[in-house]
Amino acid sequence: MIGPVHLDVDITGKVRIDGPLHTQVTVHLPDRADLLDPAIVIFAFPGGGAGRGMYCMEAPTTLAYSQARWHSERGIVFVSCDHLGTGGSSHPDPALLSTPYPLAWANEATVRRVVALLEAGALADGY
């Protein structure tokens, strides 16, 4: 498995909130030889205000808690994502996130950008 790739995804102008905005994602890439054909990419957005780290809760004493690693070991690209307003993503005024629309727009923009990077081979050398 290739080490995880951490990205700040610029979503400025993709959401009706003024100012610069970004989301943070971690892309877990399988070894290139293990990548399924056609490729499968899972985007995981946690609920309940949790951050993307919930998908990779590994500790030095155990590797038993990583959903991201489980998928990557099976040839699947797994992208764990922080919603706008959580984790390492931008934290605009919470009142601006009171309807589901800003989160939906932010998540769509995040998915589109990461897919474009994957299609362009711009995430990791030789990938």
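These legends describe close-up views of a predicted model. Local features need pLDDT of at least 70, side-chain atom pairs count only at pLDDT 80 or more, and totals for chains, interfaces and linings use all residues. Residues are numbered from 1 along each chain as its sequence is written, and side-chain values use heavy atoms, with hydrogens and water left out.

**View 1. The sheet has four strands.** The 4 strands form an open sheet, ordered E1-E2-E4-E3, with mixed pairing. Strands (E, at least two residues) and helices (H or I, at least four) are DSSP runs, numbered from the N terminus. Two strands pair if DSSP finds at least two bridges between them. E1 (2-10) and E3 (41-44) stand at the edges; each has a single partner strand, so one side of each lacks a neighbour in the sheet.

**View 2. E3 meets E4.** These strands run parallel, joined by 4 bridges. Valine 41 has valine 77 of E4 as its bridge partner.

**View 3. Threonine 23 sits in strand E2.** Threonine 23 counts as buried because its relative accessibility is 0%. Buried means under 20% relative accessible area, exposed over 50%, and partly exposed in between (1.4 Å probe, protein chains only). Contacts (heavy atoms within 4.5 Å) beyond four places in sequence include Leu7, Asp82 and Thr110.

**View 4. Two cysteines stay apart.** The sulfur of cysteine 56 is 14 Å from the closest cysteine sulfur, in cysteine 81, too far for a bond. A disulfide is a pair of cysteine sulfur atoms within 2.5 Å, and the count is 0 disulfides. Cysteine 56 is partly exposed at 32% relative accessibility, whereas cysteine 81 is buried at 0%.
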